[in-house]
Number of protein chains: 2
Amino acid sequence: MKNPWKQLSRKTIYTGFLGHKVHIDKVIGPSGKESEYFVVGLKDDATILAITIDNKIVMEKTWRYPIEKESLELPVGGIEEGETPLEGAKRELMEETGYSGGEWVSMGVNYMNNGFCSAKSNMFLARNVIAGKAENSDENEKIEVVLMDFGELKQMIMDGKIDDSRTVMAVLLASRYL
Amino acid sequence: MKNPWKQLSRKTIYTGFLGHKVHIDKVIGPSGKESEYFVVGLKDDATILAITIDNKIVMEKTWRYPIEKESLELPVGGIEEGETPLEGAKRELMEETGYSGGEWVSMGVNYMNNGFCSAKSNMFLARNVIAGKAENSDENEKIEVVLMDFGELKQMIMDGKIDDSRTVMAVLLASRYL
C-alpha cells in the first residue's frame, strides 16, 4: 500500500519532562481534504519477561495514575539516548527489580497505539536471571516486585486480572519459548 | 495498594475533532513532591476478532500515519456516546468490513498505554459472521479487507509481521475459544 497521507506542517504544542511530545499536524489524508492529525511522540521502551533460575516470572505491582488503578505487569522502561534496546532493557530490569544476568532473546517490536502514538515497545525474554538489589532512581515510581508462575500469569490475563498491553503481548510472544 | 497519587489540578490544553484530549495535571506522587503528569484521554474502543462461516479471520490492511507504515490488524473502532461496547463493536465491524451477524463473546478489556492514556479497548470474539457491503462513513480511512486463517495470523505475529497491540492481545485471548 502506498502512503495515502501527506504532512503539510507540524506544530509541537507540548514537551513534557519525561520526553512526551504532542504534535498537531496539518495533513491531507485519503479523503483528499486538509485535516488535523494528533500525534503523541515519546521514547521507545523495553518490556522484559524475565524468568528466574527457579522458573518464576518477575512482575511488578504499581499504581497507574491515568487509569486510576493498581496494575500487575511486566517491567517496562524507556530506552535512553545512546542505549540499544537491549542495554535499556537490562538497565531497567536491574533498577526496578534488582534482577540481572541470564540469557536474553529479542521477541520483536510492537506498537501500543499506532493510531496516534509513534512509540514502540521492544519485547525481550530473559532466562535464568539472578536476584540482586533494586536501585530505582525514579522516586515517583512505587513498585512492588511479585514473582509468579507463567501459567498463573497467563490465567490472570484470561481472567481479566491483568490488562496491560505490553504484558499481554509478551506472554503471547513468549509462548513459543516456554 | 493505596493510590499514591493526588491530583491538584487539571488543565486541558488540546481537544481534537476525534475526541482526543491532552490534559496536564499537577500532582503529588509517591515522591511526595509536586510534579506534572501528562494524560491523553480519548474514546474507549472495541477490537473485533471476527470469524466467518468459512473459518477465516476478518483483517484490515491500512496505513498508520503516526508510525509511517502499513499495518495489518483486526477491525477496531471508537465507541460512540450512548452505545454499549458491544453495539459499537457490531457497528464498526459492519461499517468497515461489511461483516455482521454471528455469535458474540466479550473477551474482556485491555489498556494499551496505562502510563499516559486512560482509554481501554473492549475485546470481542464474533463467530460465524456473514459478508455484506461495507459502508465506511469515515472518508479518511482507507481500508482493505483481508481474510486469513487463525494459524496464519498467529504465525505473522510470531514473525513480527503484525505488530499492533490490540491484534496481538485479541489473538492471545481468543486462543482458549479456538
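1. Asn55(B) sits in the loop between strand S4 (45–52) and strand S5 (57–64) of chain B; strands (E, at least two residues) and helices (H or I, at least four) are DSSP runs, numbered from the N terminus. Asn55(B) is not a glycine, yet its phi is positive, about 70 degrees. Its relative accessibility of 55% makes Asn55(B) exposed, where exposed means over 50% relative accessible area, buried under 20% and partly exposed in between (1.4 Å probe, protein chains only).

2. This is a predicted model, in which local features need pLDDT of at least 70 and side-chain atom pairs count only at pLDDT 80 or more, while totals for chains, interfaces and linings use all residues. Residues are numbered from 1 along each chain as its sequence is written, chains are lettered from A and ligands numbered from 1 in the order in which they are written, and side-chain values use heavy atoms, with hydrogens and water left out.

3. Glu68(A) is another residue other than glycine with a positive phi, near 55 degrees. Its loop joins strand S5 (57–64) and strand S6 (69–73) of chain A. Glu68(A) has 63% relative accessibility and therefore counts as exposed.

4. Chain A has three helices and ten strands, in the sequence order β-β-β-β-β-β-β-α-β-β-β-α-α. Its C-alpha atoms occupy a box of roughly 60 × 35 × 30 Å along the principal axes. Of its 178 residues, 51% are buried. Taking contacts (heavy atoms within 4.5 Å) between residues at least 6 apart in the sequence of chain A, 57% link residues at least 24 apart.

5. Helix H3 (residues 165–174) of chain A is largely enclosed by the rest of the structure, because ten of its ten residues are buried. Among them are Arg166(A), Thr167(A) and Met169(A). In chain B, helix H3 (residues 165–174) also has ten of ten residues buried, so it too is largely enclosed; Ser165(B) and Arg166(B) are included.

6. How do helix H2 (residues 150–158) of chain A and H3(A) cross? Their axes come within 11 Å, at roughly 130 degrees. That angle makes H2(A) oblique to H3(A). Axes here are lines fitted to C-alpha atoms, for helices over the stretch in contact, with angles from 0 to 180 degrees between N-to-C directions; under 35 degrees is roughly parallel, over 145 roughly antiparallel, 65 to 115 roughly perpendicular, and the rest oblique.

7. On the residue level, Phe150(A), Leu153(A), Lys154(A) and Ile157(A) of H2(A) meet Thr167(A), Val168(A), Val171(A) and Ala174(A) of H3(A). The contact has six nonpolar, one polar and one charged residues, with Ala, Val, Leu, Ile, Met, Phe, Trp, Tyr, Cys and Pro counted as nonpolar, Asp, Glu, Lys and Arg as charged, and the others, Gly among them, as polar.

8. The largest nonpolar core has 50 residues, of which Leu49(A), Met59(A), Leu153(A), Leu49(B), Met59(B) and Leu153(B) touch the most other members. Such a core is a set of buried Ala, Val, Leu, Ile, Met, Phe, Trp, Tyr and Cys residues joined through side-chain atoms within 4.5 Å. Beyond four places in sequence, the contacts of Leu49(A) include Phe150(A), Ala170(A), Val171(A) and Ala174(A). A second, separate core of 16 residues includes Tyr14(A), Val22(A), Val40(A) and Val22(B).

9. Ser9(B) belongs to strand S1 (residues 6–15) of chain B and, at 33% relative accessibility, is partly exposed. Leaving out residues up to four places away in sequence, Ser9(B) touches Ile24(B), Asp25(B) and Lys26(B).
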